[in-house]
Structure formats: structure tokens, C-alpha cells
Amino acid sequence: MVDYMVVGLGLAGLAFIQTLERNNKTFVVLNDTSQTASRVAGGLYNPVILKRFTMAWKGKEHLSQVVPFYQSLEKKLGVPLNYPLPVWRRFASIEEQNGWFEATDKADLSEFLSTTILTNKNKKIEAPFGFGEVLHTGKIDVQKLLITYEEYLSSKGVLHNETFDHAALEVKAASVFYKSFKARKVVFAEGFGMKRNPYFNYLPLTGTKGEYITIKAVGLKEERAIKAGVFSIPKGNDEYLVGATYKWKDTSNDPTEASRSELKEKLAAFVKCEYEVTGQVAGIRPTVTDRKPLVGQHPVHKNLFVLNGFGSRGVMIAPTASDALYRLAEHEHPIIAEMDIARFTKKHFQDATSKRSRRT
């Protein structure tokens, strides 16, 4: 018997496994790669919501854990993952400049927003009103991280690539059984796949589809991530990741021509050079109605836990959320109310239970 069975290996599952290893716990991982949100993520860490010049939920707290967490992964895996990267916000008007300056005076934002308006010096970018710079930002190579971590877990013999069959899970008071596996506890880190999970699908998880295109722009020569209508994130070798879109009705992982056209249109508003679209990816972000994570313990089965709902900020939220879940699972340490699934349990779980009872 192992201590934990972890279902899902996106950023949430990976972060929790890293926490388990740090605490010398045994585990087995089941993953079918059906959820692609982490795999197509841009990987930026930035505590500021640049559309409104506001601090992201607990942005400073989450940011403080980012560098040490991913540095520990770099050391374990022997690959570079963390790349400091300036993030510039392109201003579309004098009014936006004024809004930026107002934001720099706020206590929670002052250390993250430069008070200097940066003049555009790249002739291939149109930015007559200049840029504002977000400080202490960077990028995690999420794709390399996931691939390398899968190889690491495979080498240890703990990764099993299969679609999890929730109907085959047998939950007892002191342990859980799944096919040939036995564990003390299960952590579901399934992303949008949680919608199929009968134990936690009462939670109000919504899917927000995001798409990116990759472009080859030899003439652009830009080394910063620029936020205008979309992000342009340098990848090296004259390639840039451009995105992302936000769609609430389409729940497929298939890239669309409509999103490609939308991204190219928004890119054309500030990038003024020729480029070639060399790739396009899509994934369903696991988002929540109140824009907070879903972390906690099942209201009935006390050895079942969920780690989900990171939305587009998985790189930043994963380290602190996984640590909070571990402390709950091992030490019964309460999770802060804002991300504890208990905030939804009373209404949503009871409603779901009543519906199942009426059907039977």
C-alpha cells in the first residue's frame, strides 16, 4: 500500500507529487494526458492582472513560492526551467498611462509596477504611448517540465498511463482500492476532466478554452513578453508564442480557425512585420465561477481530496495550493476559506445528492 494515489499529471498533480517527495511519502500516479491545459500553457509568472492593473488573487504570496519551487525541480531533474523575462504592458492611450500611474501608488502593487514609462525602440512594434514594466516576472518552460517529470516518474516505476475508471474505485474507511493499487488517500488533480468525476463533479468547475499560435518572425527581434490585446512571448530562434483566447462554450481540445484569425487580428494591432504561423495549440483551462482554486476534502469520503481550478495561473498557484492540501491531508490543517471546496459543499453537494436520489 502506498500513501497516495494521484490522478492527473498537469501542474496541479506534479506540484502535489513534488510535495509528497519532499515529505518522503510513497505514491502512484495515474494519467492519460487527455487534459492539455498545462501542456499548452504560456508559462508566465506575473502577479498583476494587466487588463485592469490590479493584483491577482494572493499574487504576492504565490509569487514568493515560484522561484524556490521551480529551482528545486531544476535541481532534481537536471534541466533549466525558470527564465527571468521582462513583461511589458503596451499602453493604448494616455488614459491607460494614467491608470498605470494610479496603480503604482497602491500599496499591494507598488513593488511590482515600474513608475517609468518606457519608450518604444523596436521599429517593428507600434506603441506610440509606450509601455509599463511589471517587475519580478519570468517564464517557466512548462512543456519541458512535464515531459521531463514524466520521464522521471517512469524511471521510478510509479507512473501508469491509463484513463482512470472512477467506477472501479473502491473507497473504504482507512484505504482505497483501484484495480491492483491500494492507497491510504487519493488526490484528484484532473483539470477539466473533473467534470467526469462522480465524487467531485458537484463542484462548479467551468471550462474556458484557450488557444495559442506560434509564429516565426525573423524581423521582430523582441526579447520581452509584451501584453497588448494578446501576449507575445519570445521562445527563442525568432519564434513567439501568441495568445491566448478565452472561449466558454467550446470544450474540445481542437484548435480552430476562428481563434487563429482572432489572434492574428489582435497581433496585427501592434506587430508590424511579416511572420509565419508555425503552430497552434488548444486546451481547456479548469476555471471556477468565483475565480478561486478548488482544494479540499470530500464531504463524506475523508480519504478523497481534490486539487483543481487553477485557471490560467497554474504556474503561480500550484506550489502554494499543493502545500495547503498536503497540510490538510496529513495534519488536518484548515485550508483558507477562499479556496476550500467547503465554500460550495453545503449547497452544491446537497443539490447534487438530491438529484441523484430523485433519479434512483
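In which strand is the place of Thr54? In this predicted model, Thr54 belongs to strand β5, which spans residues 54-55. Its relative accessible area is 27%, so Thr54 is classed as partly exposed, the limits of that class being 20% and 50%. When neighbours within four places in sequence are set aside, the residues in contact with Thr54 are Pro47, Val48, Ile49 and Leu109. Phe101 lies 47 residues from Thr54 along the chain, and the C-alpha atoms of the two are separated by 12 Å.

Apart from neighbours within four places in sequence, Thr320 contacts Glu61, His62 and Gln65. With His62, the side chain of Thr320 forms a polar contact of 3.4 Å.

Helix α6 also packs with helix α1 (residues 11-22); the axes are 8 Å apart and the angle is about 45°. The two helices are therefore oblique to each other, and α1 passes α6 in a right-handed crossing. On the α1 side, the contact is made by Leu11, Ala15, Phe16, Thr19, Leu20 and Arg22. Helix α6 contributes Gly314, Val315, Ala318, Pro319, Ser322, Asp323, Leu325 and Tyr326. By residue class, the contact of α1 with α6 consists of 9 nonpolar, 3 polar and 2 charged residues.

Terms used
Residues are numbered from 1 along each chain as its sequence is written. This is a predicted model: local features need pLDDT of at least 70, side-chain atom pairs count only at pLDDT 80 or more; totals for chains, interfaces and linings use all residues. Side-chain values use heavy atoms; hydrogens and water are left out. A polar contact is a pair of N or O atoms within 3.5 Å; within protein, one must be able to donate a hydrogen and the other to accept it, and residues adjacent in sequence count only if both atoms are side-chain atoms. Contact means heavy atoms within 4.5 Å. Axes are lines fitted to C-alpha atoms, for helices over the stretch in contact, and angles run from 0 to 180 degrees between N-to-C directions. Helices (H or I, at least four residues) and strands (E, at least two) are DSSP runs, numbered from the N terminus. Angles under 35 degrees count as roughly parallel, over 145 as roughly antiparallel, 65 to 115 as roughly perpendicular and the rest as oblique. A crossing is left-handed if the near helix is turned anticlockwise from the far one by less than a right angle, and right-handed if clockwise. Ala, Val, Leu, Ile, Met, Phe, Trp, Tyr, Cys and Pro count as nonpolar, Asp, Glu, Lys and Arg as charged, and the others, Gly among them, as polar. Buried means under 20% relative accessible area, exposed over 50%, partly exposed in between (1.4 Å probe, protein chains only).
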